[in-house]
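Please look over the model shown here before reading the briefing that follows.

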Amino acid sequence: MTGPKAPKDPTRKRQGFYIMRNKEISGSVQPDGSGVQFIYLNDGRMISSAKIVGNIADDAMLDLLSTAEGFRKLVHSIGVSVEMDSADKKTVFELQMYGKSDMYGSGTTLRMAVVADGMESVLNLSDCVWSDDDDIPGRFALSSTSRSRTAAQRRRWQRSNSI
């Protein structure tokens with residue numbers, strides 16, 4: 001009998017920072033019974049979170065978070081973990097970039113399914129298709145078809161190695 005073995009091509013650990021950590025949220029119930037919670041990133045909100053929660057003090061890094069282009073340069077991937085009252089519940093993480101020509105309609109919206117068992121799901125941004133019309137990071141959301149409205153969640157941005 002042999003013990004566990006390390007993967008042959010392990011994912012390299014990247015430096016990262018949190019935008020939200022161990023925060024309990026309660027989504028608004030929608031007419032169809034689903035729940036959704038929006039967290040807005042524009043108007044300096046993400047930069048404030050990066051300073052306070054992520055302990056980022058580097059002004060150059062913070063400036064990159066103010067535009068979609070800078071965000072994509074700085075952030076390699078996004079880790080999301082969610083815990084709910086039942087670990088088998090599924091949620092959807094959504095990141096929306098606001099667009100230049102139509103703030104809410106022309107930017108990129110990325111979605112990732114997340115199981116609410118506390119394990120981190122990772123969205124690798126290099127695998128995503130981006131709109132040329134992306135302007136600024138707009139919001140992220142967590143939605144669930146479940147009637148459970150409370151979730152504790154963590155969002156960790158992993159930095160690109162080039163920064």
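Which residue in β8 does Y40 stand opposite? Y40 stands opposite R139 in β8, where helices (H or I, at least four residues) and strands (E, at least two) are DSSP runs numbered from the N terminus. This is a predicted model, in which local features need pLDDT of at least 70 and side-chain atom pairs count only at pLDDT 80 or more, whereas totals for chains, interfaces and linings use all residues. Residues are numbered from 1 along each chain as its sequence is written, and side-chain values use heavy atoms, with hydrogens and water left out.

**Overall make-up**

- The chain holds 3 helices and 9 strands, and from the N terminus on its elements run β-β-β-α-α-α-β-β-β-β-β-β.
- Of the 163 residues, 46% count as buried, buried being under 20% relative accessible area, exposed over 50% and partly exposed in between (1.4 Å probe, protein chains only).
- Among contacts with a separation of 6 or more, 76% involve residues 24 or more positions apart, a contact being heavy atoms within 4.5 Å.

**The open sheet**

- An open sheet is formed by 5 strands in the order β2-β3-β8-β5-β6, with antiparallel pairing; two strands pair if DSSP finds at least two bridges between them.
- Strands β2 (28-29) and β6 (109-115) each have a single partner strand and stand at the edges, so one side of each is left without a neighbour in the sheet.
- Strand β3 (residues 35-40) runs antiparallel to strand β8 (residues 134-144), and 6 bridges join them.

**Salt bridges**

- The count comes to 3 salt bridges, each requiring a side-chain nitrogen of Lys or Arg within 4 Å of a carboxyl oxygen of Asp or Glu.
- D134 and R72 meet in one of them at 3.1 Å, N to O, and this pair links distant parts of the chain, with D134 in strand β8 and R72 in helix α3 (residues 68-74), 62 residues apart.
- D134 is buried at a relative accessible area of 5%, while R72 counts as partly exposed at 30%.
- R111 and E94 meet at 3.0 Å, N to O; R111 lies in strand β6 and E94 in strand β5 (residues 90-99), so the pair ties together parts 17 residues apart in sequence.
- E94 also forms a salt bridge with R139, the closest N and O atoms being 2.9 Å apart, and this pair ties strand β5 to strand β8 across 45 residues of sequence.
- E94, R111 and R139 are thus linked in a network of salt bridges, in which R111 counts as exposed at 56% relative accessibility, whereas E94 is buried at 14% and R139 is buried at 13%.
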